[in-house]
Amino acid sequence: MTDTPTLEMRGVEKSFGPVHVLSSVNFQANAGEVTALVGDNGAGKTTMVKCIGGTYTVDAGEFLFEGQPVTVHGPRDAAALGIEIVYQDLALCDNLDIVQNMFLGRERLTSVRTLDENTMERLAEETLASLSVRTVRSVRQTVASLSGGQRQTVAIAKSVLWKSKVVILDEPTAALGVAQTEQVLALVRRLADQGVAVILISHNMNDVLQVADSIGVLYLGRMAAQVRRSEVTQTQVIELITTGRSGDIGLTRAESTGASV
Amino acid sequence: MSTQTDNTVEPGPGEVDRPAAGAPGLGAYTSRYVRRVRGGELGSIPAIVGLVVITAFFAIVHQGFLTAYNVEALVVQAAPVIIMAIGLIFVLLLGEIDLSAGTTGGLCSALFAVLSVRQGWSWWLSVIVGIALGLVIGLSMGWLRARLGIPSFVITLATFLGFQGITLILIGGQGSITLQSGPIIDLENSFVPVWLGWVLFAAFVLVYAAIKFNDALTRRRAGLTGVPFSVLLVKILVVAILGGVFTYMMGLNRNVATNAFFATKSEGMPWSVLLLVLLFAIMHFMLSRTRYGRHVYAVGGNDEAARRAGIAISRIRISVFVICSGMAAISGLVAASYLQSVNSGAGAQNTLLLAVGAAVIGGTSLFGGRGRIIDAVIGGLVVAVINNGMSDLIQGANSTGYNWIVTGGVLLLAAGFDAVVRSRSKAS
């Protein structure tokens, strides 16, 4: 459905001293799609996210944003491109309300340099409405009074408010109950439907299979395969995660066994 | 691809649809307020209730408690405490502490006294240098905290002791420096002319009402639910009545010696009240309406989140210490005005504890992230009422001892209350 991926990584390498964490990783995320990034613990998911987010700089490889090669030297560069990471621990201030959190660090000011609360409140409400969020009673309640799912909602809505092009969600459902997980997944879907390239990192196979359009599987620092959701079964994905290959998809036998190059 | 887009979301238990915007009913406003209070956001309610209760108590057991004379004494006693507490609120909002605010104030007032009395400098230059010293002290302590990462408790405990020593040396063997009459002495000992008091009162109420109505109107114009006008009117009325009663009381002559031959009257509010109102307005504005204030709350609530949002947290951290020490310097000058002298123990003993107590009693959390400037005013009045009432109630050699015990008890009560509220709002 898209010609150019919003975000594309080609042959990305990253090592910490002698430890090769990412080797020749290829990955792409398209606008309007949810791209899941899965892999066992230590497969390199977090490192990859930090490379995309600018916390780490890659050792080698290409980084294309909307088809253009870019270099990301820090979180600010990534933010300027429109890459937003919603962390597992959420990074919200409990003592501030929803509006204040959504605009934190990017407050709207009036002509006399005071906070423009009305505009911020209206924009926050509009954003939540555009995501069909109905679970929040008032945008003026403090985040401390919100449930885990509602907090996740606020964090995701923040990225919509700032018109991010790539939103990376790090285990958004890890701490949530069944009903709240459903809500957040529906929200992830709507986020993608707004034209955002969503990258979903999750351990939960049900979440991934339910919501993803494309699945990238990391295996010991290599991209075992990036496959369309419609073309794989759960068994295949799990095989890819645990052994790096499944039938004729994935790494070659040699690559998957002698993984640490 | 969007099969599961809609209708998968069912409101969970306790999650109701948002009420339609633009319906600012009094009922909805009240229910929202009640919900906030039950959720642990008590604001100033406990402190106001406490203030009313202890004031009523002292008024009953001690006849002269609410006379104009005593109310004025209360205000001039409370002024330095409130000013120091206003500064401390900034530090407390970040979850830090400044144990040296008292001795910083003492040191700055000692420098003021040395310069203006011994060195013969003009009063205003001495005031500027004294406050500047406070700002430099805050800058250094904030730098040590933010850049070197020394806990503020340790830094300020060190300066608490150190500044006491410097003050002792500055004042020297005399033990105290008596201030010359002038604007600084006038702050706590001279009075605003009664007519001017009323003019300023009227201006204050008008400005307050204008701001409140302007806020409500712009909100309504933006299509947001605002505070109902009825609530607004009640608030303005309460402010007008309290201010009016105070202005009226301060307009009464408090000098019992006034007669046909001896015409000296003492009437009108102390000038320090105006200073208080001014400082309150500036600091309240800064904290509630500017980006800076928002960032102070954010750093106090979750510094990691603030950092990720691009806020320069070390700068915020340094700035609160600068504000706190600056306000401590002003507080020290007001205290000097009250005593009409600066002694070698200025700002030591329980000065700081009273100010921290004022902030905490008012509702500012010791854990950071929660607090407002009004807390300093309400809490400062509570502290002053206890001090004043106790000293009237218990005479004799042990009165100071009992006074301190009661103040300490109230502080502990307020801090315990703070901790309970915090754990409850965490749990909900």
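1. Strand S1(A) and strand S2 (residues 19-29) of chain A run antiparallel and are joined by seven bridges. Helices (H or I, at least four residues) and strands (E, at least two) are DSSP runs, numbered from the N terminus. Two strands count as paired if DSSP finds at least two bridges between them. Leu7(A) has Ala29(A) as its bridge partner in S2(A). The two strands form a hairpin with two residues between them. Gly17(A), in the turn, has a positive phi of about 60°.

2. On provenance: this is a predicted model, where local features need pLDDT of at least 70 and side-chain atom pairs count only at pLDDT 80 or more, while totals for chains, interfaces and linings use all residues. Residues are numbered from 1 along each chain as its sequence is written, and chains are lettered from A and ligands numbered from 1 in the order in which they are written.

3. S1 (residues 7-16) of chain A also pairs with S4 (residues 60-65) of chain A. That pairing is antiparallel, with five bridges. Glu13(A) is bridged to Ala60(A) in S4(A).

4. Chain A also has an open sheet of six strands, in the order S6-S7-S8-S3-S9-S10, with mixed pairing. S6 (83-86) and S10 (222-228) of chain A are at the edges; each has a single partner strand, so one side of each lacks a neighbour in the sheet. Neighbouring strands are turned by 20° against each other on average, direction ignored. Axes here are lines fitted to C-alpha atoms, for helices over the stretch in contact, and angles run from 0 to 180 degrees between N-to-C directions.

5. Within that sheet, S3 (residues 34-39) and S9 (residues 214-219) of chain A are parallel, with five bridges. Thr35(A) is bridged to Ser214(A) in S9(A). Helix H8 (residues 234-243) of chain A lies across S3, S9 and S10 of chain A, at about 25° to S9(A).

6. Chain B has 16 helices and two strands. Of its 428 residues, 39% are buried. Buried means 20 or more other C-beta atoms within 10 Å of a residue's own; exposed means 12 or fewer, partly exposed in between, with C-beta atoms placed from the backbone.

7. The largest nonpolar core has 176 residues. Such a core is a set of buried Ala, Val, Leu, Ile, Met, Phe, Trp, Tyr and Cys residues joined through C-beta atoms within 7 Å. Among those touching the most other members are Val188(A), Leu200(A), Ile82(B) and Ala85(B). Helix H3 (residues 68-93) of chain B gives this core its largest share, 16 residues. Ala85(B) is in contact (C-beta atoms, placed from the backbone, within 7 Å) with residues including Ala355(B), Ala359(B) and Gly380(B), neighbours within four places in sequence left aside.

8. In chain B, the axes of H5 (residues 123-148) and H6 (residues 152-171) come within 9 Å and cross at roughly 150°. They are therefore roughly antiparallel. Met141(B), Leu144(B) and Arg145(B) of H5(B) make the contact with Ser152(B), Ile155(B), Thr156(B) and Thr159(B) of H6(B). The class limits are under 35 degrees for roughly parallel, over 145 for roughly antiparallel, 65 to 115 for roughly perpendicular, and oblique for the rest.

9. Two backbone angles to check. Most residues other than glycine have a negative phi. Glu66(A) has a positive phi near 50° and sits in the loop between S4 and S5 (68-69) of chain A. Glu171(A) has a positive phi near 45°; its loop joins S7 (166-170) and H6 (178-193) of chain A. Glu66(A) is partly exposed, with 16 other C-beta atoms within 10 Å. Glu171(A) is partly exposed, with 18.

Terms used
Contact = placed C-beta atoms within 7 Å.
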